[in-house]
Amino acid sequence: MSHVFYRRPAFPHPRAVRGEGVYLWDAEGRRYIDASGGAIVVNVGHGVREIARAMGEQAAQVAYVHATLFTTEALEAYSEELARRVPLADPRFYYLTSGSEGIEAAIKFARQVQVARGAPSRYLIISRWGSYHGATLGALAVTGKPKMRALYAPMFRDQPHIPPPYCYRCPFGATYPACDLACARALETEILRHGPDQVAAFLAEPVGGATMGAVVPPEGYWPLVREICDRYGLLLIADEVMTGFGRTGRWFGMEHFGVEPDGMVMGKGATGGYFPLSILAVRGSDVEAIQRAHGEFVHGGTFSHHAVGAAAALATLRYIEAHDLVRAAAEKGAYLGRRLREVLSDLPWVGDIRGIGMMWAVEFVADRRTKEPFPPGRHFAQAICDRAFERGVLLYPGHGGVDGVRGDHLMVAPPLVVTEAQIDEIVEVLRTAVVEVGSGH
Ligand SMILES: Cc1ncc(COP(=O)(O)O)c(C=O)c1O
């Protein structure tokens, strides 16, 4: 009997004892290929000594100081390095400890900026169905995943959502480019429905992540969204928690679309899982507007601006650069996408294979022609991931992407250090697991 409150009570939870590169080992000596870096976190791979060392040294020097009183060398050095990487002019970084917290900070910041700009009636944050922004109540209110929201919906103040740019199952029943980007134009309709003077920001993932699985918006989507935000005075906030730090083959997902957001939230790959760190990045001019109006951002957090987190992030960033991992994500990610298509496309349960960089998803269907999803009770994607787990490959399942309840996909997003041989092994095991589950063996 363990006193741990487990995430999946019915799952055996073997003890992880070691990690190196794409591999993990459990206490029984079993080896796993971590083909999703947990929840698409471990961009740099497991067991990176430089990162562990930097964290240890920082902790030994000074682990914690209160962020209202001190800064640290690690925090300053990292912020300077990061500023050169983010697609934001004159950025400022506010450090927290989870993606959800970063989102909470972003939506509060958007509200405070609008008030500081003299628009105190603006408070709504428009987001998208089929999104994931986190599990805390404020982040859930903007998340577009009904399965995670339903139980707690009476407890949060909901926010408006628009349909996602999901071409495989276009919410408007249209086809690109004849659709005229109805999914982006829906933002304008939603703004006008509430009144522009009520809306503070639009928040979305550059590439749809956990809820829908690596959904890349069609060309023209993001520039049109940017234009609409500008027309109505909204801040555009990019949730780069999953797409940041090389995952998509660029430093940040938004760079694929030639659009500069007003704010970004980052997490996961910032430290590759070595420290729970998230980052809100905003424009210096907005921080100054808040300072002029209110003195400071009305927010906080005991562990904000953590010195060990900054040391971990700095060592992670240097590792990404030293090993050219952004380019690796683009090049080996293209190989991963090609292999997924070559090896899985003939299977009758595979509806769509999509992705960008080293961020790929496979969506499963009961009928390829009609795109009918499996009944949710069959837990199709979860069953495949469990089979792959038994065979030593870790994948990230998702469900509810079709309409909030139905829909099965899984994500394949290994550490960016993965080799082509390892990709081949991942894809072969995935095929075996899909065949086993699909044919009911
Ligand atoms: C795009 C995105 N935003 C926010 C979050 C929430 O991050 P966290 O789980 O660290 O709170 C996630 C987590 O999966 C995410 O993928």
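This dialogue walks through some features of a predicted model.

Visitor: Where should I start with helix packing, and at what angle do the axes of α2 and α10 cross?

Guide: Look at the axes of the two helices. Helix α2 covers residues 49-61 and helix α10 covers residues 307-322. Their axes come within 8 Å and cross at roughly 155°.

Visitor: Are α2 and α10 roughly parallel or roughly antiparallel to each other?

Guide: Angles over 145 degrees count as roughly antiparallel. α2 and α10 are therefore roughly antiparallel to each other. Their crossing is right-handed.

Visitor: Which residues make that contact?

Guide: From α2 come E50, I51, A54, M55, Q58 and A59. From α10 come A307, V308, A311, A312, A315, T316 and Y319. Sorted by kind, the residues of this contact are 10 nonpolar, two polar and one charged.

Visitor: At what angle do α3 and α10 pack?

Guide: The angle is about 40°, and the axes are 8 Å apart. The crossing of α3 and α10 is left-handed, whereas that of α2 and α10 is right-handed.

Visitor: Which residues of α3 and α10 make the contact?

Guide: On α3 they are A74, L75, A77, Y78, E81 and L82. On α10 they are A307, A310, A311, A313, L314, L317, R318 and E321. This contact divides into 11 nonpolar, no polar and three charged residues.

Visitor: Now the ligand. Which residues surround the ligand?

Guide: Begin with the neighbours, then look for pairs of polar atoms. The surrounding residues are S98, G99, S100, Y132, H133, G134, E205, D239, V241, M242 and K268.

Visitor: How far is a polar side-chain atom of D239 from a nitrogen atom of the ligand?

Guide: That distance is 2.6 Å. For K268, an N or O atom in the side chain is 2.8 Å from an oxygen atom of the ligand. With G99 the polar atom belongs to the backbone, and it lies 2.8 Å from an oxygen atom of the ligand.

Visitor: What about the backbone itself? Which residues does a cis peptide bond join?

Guide: Check the omega angle of the peptide bond. The bond between Y176 and P177 is cis, with omega about 0°. P177 sits in the loop between β6 (161-162) and α7 (182-194).

Visitor: Is phi of D90 positive or negative?

Guide: Phi of D90 is positive, near 45°, and D90 is a residue other than glycine. To find D90, go to the loop between α3 (73-83) and β4 (91-96). That is the α3 whose axis packs against α10 at about 40°.

Note on methods. Residues are numbered from 1 along each chain as its sequence is written. This is a predicted model: local features need pLDDT of at least 70, side-chain atom pairs count only at pLDDT 80 or more; totals for chains, interfaces and linings use all residues. Side-chain values use heavy atoms; hydrogens and water are left out. Axes are lines fitted to C-alpha atoms, for helices over the stretch in contact, and angles run from 0 to 180 degrees between N-to-C directions. Helices (H or I, at least four residues) and strands (E, at least two) are DSSP runs, numbered from the N terminus. Angles under 35 degrees count as roughly parallel, over 145 as roughly antiparallel, 65 to 115 as roughly perpendicular and the rest as oblique. A crossing is left-handed if the near helix is turned anticlockwise from the far one by less than a right angle, and right-handed if clockwise. Contact means heavy atoms within 4.5 Å. Ala, Val, Leu, Ile, Met, Phe, Trp, Tyr, Cys and Pro count as nonpolar, Asp, Glu, Lys and Arg as charged, and the others, Gly among them, as polar. A residue is near a molecule or strand if one of its heavy atoms lies within 4 Å of it. A polar contact is a pair of N or O atoms within 3.5 Å; within protein, one must be able to donate a hydrogen and the other to accept it, and residues adjacent in sequence count only if both atoms are side-chain atoms.
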